[in-house]
Amino acid sequence: MQALIDVILPVFIVIGFGYVAAWRRWVSDTTIDGVMKFAQNFAVPTLLFAGIARIDLAHNFHPPILISFYAGAFSGGIFGFLGARYLFKRDLTDSVAIGFIGLFSNSLLLGIPITERAYGADALSWNFAIISIHAPLLYAIGITAMELARTAGQGLSAMRLIRQIGTAILRNPLVLGILAGWIVNVGGIRLPQPIWDAVFMMNKAAIPAALFGLGGVLLRYRPEGDMRIIAWAVFASLILHPAVTYGLAHFGFGLATPPLRSATITAAMAPGVNAYLFANMYGVAKRVAASSVLIATALSIVTIWCWLVILP
């Protein structure tokens, strides 16, 4: 119970504050969109840049932690896709979007603050190792699967597919922040202290702004119909993904406690707003994606608490 009070509730109180502020019209939809744009396009990319630029790649970029996390992610995505396609009889493009819900966890806006509050700032280096390939890898998989689904039976130009994937990924500010961090780290580039000071100032605003904005955005995602398939997608995200990750990391690889914690807690996060944005980008399964994001975020208060109790 103490973990719920000390670690999880402060994060969700900030989300709730944004939700109530939008609900009571203390802030407009335009303001919420502005906060989210600031967070996702500017503040959070600098947070990712700083974290990846400064991690010890030789120590933290550890294949077993990445295999454990992404095996869980792919399990959730495949589970969501197969259920949507063969159990609920959704068309191919809907099924890809629903699979993406189980694939893409909110590793950044929820995973980082909860890990930091639970285990301290030093634990975040493992989170950043996971996040350093999270958006580029999973967006590439999602876009590839969706383009193949949309053009099934029509033939597909390899160059067109590569161009579509590259354009979508390289327009994402989070990916640009990650790439910049990689360049500074691998290149051994030494930046002047005033630049680092400015980056750290932005970092302080990143998580509070993102959580507040997330709360305001979630108000728009009201649960409507399709509850069985929504429950299927939520199970893939909140139960299957972290269970596979924990099982592989703990029993398969015997990971030490710090990387085990980061991998499992990151996997246990609800699907982020990106799951809805992906569905919205293609105009498919939008209601399922929106409702899954809202319901899973609320339920994750309990499921994250359970994982914090289970983990050493």
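A nonpolar core is a set of buried Ala, Val, Leu, Ile, Met, Phe, Trp, Tyr and Cys residues joined through side-chain atoms within 4.5 Å. In this predicted model, the largest such core has 100 residues. Within this core, V44 and Y221 are the residues with the most contacts. Helix α15 supplies the largest share of the core, 10 residues.

The surroundings of V44 were examined with neighbours within four places in sequence left aside. On this basis, V44 is in contact with A39, L108, L109, L174, A206 and A210.

Helix α15 spans residues 286-310 and contains V293. The relative accessible area of V293 is 1%, and V293 is therefore classed as buried, the cut-off being under 20%. When residues up to four places away in sequence are not counted, V293 touches L218, Y221, P271, G272, V273, A275 and Y276.

Helix α13, formed by residues 257-267, is mostly covered, with 8 of its 11 residues buried. The buried positions in α13 are P259, L260, S262, A263, T264, I265, T266 and A267. The buried residues of α13 pack against α15 and also against α4 (63-87), α6 (111-119), α7 (124-131) and α12 (227-252).

Conventions
Residues are numbered from 1 along each chain as its sequence is written. This is a predicted model: local features need pLDDT of at least 70, side-chain atom pairs count only at pLDDT 80 or more; totals for chains, interfaces and linings use all residues. Side-chain values use heavy atoms; hydrogens and water are left out. Helices (H or I, at least four residues) and strands (E, at least two) are DSSP runs, numbered from the N terminus. Buried means under 20% relative accessible area, exposed over 50%, partly exposed in between (1.4 Å probe, protein chains only). Contact means heavy atoms within 4.5 Å.
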